[in-house]
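Hi,

Here is the structure I said I would pass on.

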Amino acid sequence: MSLYQNLLLITSVSVFLSVASACSDGQCRLLDECSSDGDCEAGLYCFSCPQGFSGPRCVRSTITDQFKLLNNSLPFNKYAFLTTHNAYAIDGYPLHTPVPRVTITNQEDSITDQLNNGARALMLDTYDFDGDVWMCHSFGGKCHDYTAFGPAIDYLKEIEAFLSANPEEIVTLILEDYVGPNGLTKIFTDSGLMKYWFPVSSMPKNGEDWPLVSDMVANNQRLLVFTSIQSKEASEGIPYQWNYMVENQYGDGGMEAGSCPNRGESSALDDNSKSLVLVNYFHSLSSKSETCKDNSGDLINMLHTCYAAAGNRWANFVAVDYYKRSEGGGSFQAVDTLNGKLLCGCDDIHACVPGSTSGACTPKDQIPGRGNSWSREYFIKILCSRLFQ
């Protein structure tokens, strides 16, 4: 290769790298450097994760809608859903008591934003407090002024508004329940959510498949609610969570690499009489600074560990803190991985052949319209290999 050709290739590489690093105005791609959210492509936002990279970069902020990408014609338990742990415990949530709040938060977005960004299951702690039902991050089964967030109905009305505006979406609520008899029934009725209620009589009791998502949508049975109080299934028709779902240990006990023990209330993860699997992956005490690392490769590794522990079953729900914080793909990529595994045996839902559940996969760099950083890195690699021949 002549000196001129070498110089031309060097110039080409320099120009390419310069263009790639100087993106702005909605042109920056995954892991490109950025200065504001407006620099990043749709579905990304500008974020700093010192544990993963230097300076702010574009990382994912929304889920892939598996129903729109592929189909909704399979049973509910054949899909995976992003789950926000303590979805109500939001930074900066307005005070509803006369004293400052002194408790831990686990999310940064409103319920509406969580749902709009793709969360489809919300973990909520419900308490009797101040003559009503409240969301509260407390202890000992009792809510206090300084651990209270707000009346539960305020949150439920946000969920009702989302379901009303999105008639093909399904939302699951997983309640840590400290409410007396009929309290939940009243607030679900008052919030207008009962019209979406999925009846306990239609839930599989012995590990069978759930109804088709398309049928759930057609019947407008698009709200699944689970309680931690066993008696409420018979008395109020609110399903007892562990009759239908297995769950790994929450908190630090569920974050030990290579180990996926079941939560105490749950039967063994490989109990096939329960057709839903939930994987928790968050610290006992939430940490924003650690979460961007937790929600990335470590999370996906745990999903593989729990797959084996659950008798070779992939999780349907993956619960995290600060769901948008990551080193790049984060919890959104974790759910893409689960849906890829569930729907076609691939490592990413985007690699599934549209409309197929046969296990056929398409290499990621051949998928039209992906426009991610892998293609740029591949191009740079080709130029450099030619340069140094």
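This is a predicted model: local features need pLDDT of at least 70, side-chain atom pairs count only at pLDDT 80 or more; totals for chains, interfaces and linings use all residues.

Residues are numbered from 1 along each chain as its sequence is written, and side-chain values use heavy atoms, with hydrogens and water left out. Helices (H or I, at least four residues) and strands (E, at least two) are DSSP runs, numbered from the N terminus.

Let's start with helix 4, which covers residues 152–165. Its 14 residues reach 20 Å from the first C-alpha to the last, close to the 20 Å expected at 1.5 Å a residue (the expected span is 1.5 Å times one less than the number of residues). Several of its residues are buried, including Tyr155, Ile159 and Phe162; buried means under 20% relative accessible area, exposed over 50%, and partly exposed in between, with a 1.4 Å probe and protein chains only.

Helix 4 also has a partner. Its axis and that of helix 5 (residues 183–190) come within 9 Å and cross at roughly 45 degrees. Axes here are lines fitted to C-alpha atoms, for helices over the stretch in contact, with angles from 0 to 180 degrees between N-to-C directions. The two helices are therefore oblique to each other (under 35 degrees is roughly parallel, over 145 roughly antiparallel, 65 to 115 roughly perpendicular, and the rest oblique). On the helix 4 side, Ala152, Ile153 and Leu156 meet Ile187, Phe188 and Asp190 of helix 5, where contact means heavy atoms within 4.5 Å.

Next is helix 9, residues 330–344. It has 15 residues and reaches 21 Å from its first C-alpha to its last, close to the expected 21 Å. Since 14 of those 15 residues are buried, helix 9 is largely enclosed by the rest of the structure.

Which residues other than glycine have a positive phi? Asp130 is one of them, with phi near 55 degrees, and Tyr322 has a positive phi of about 40 degrees. Asp130 sits in the loop between strand 4 (121–129) and strand 5 (132–136), and counts as exposed because its relative accessibility is 63%. Tyr322 is in the loop between strand 11 (317–320) and helix 9, but counts as buried at 4% relative accessibility.

Cheers
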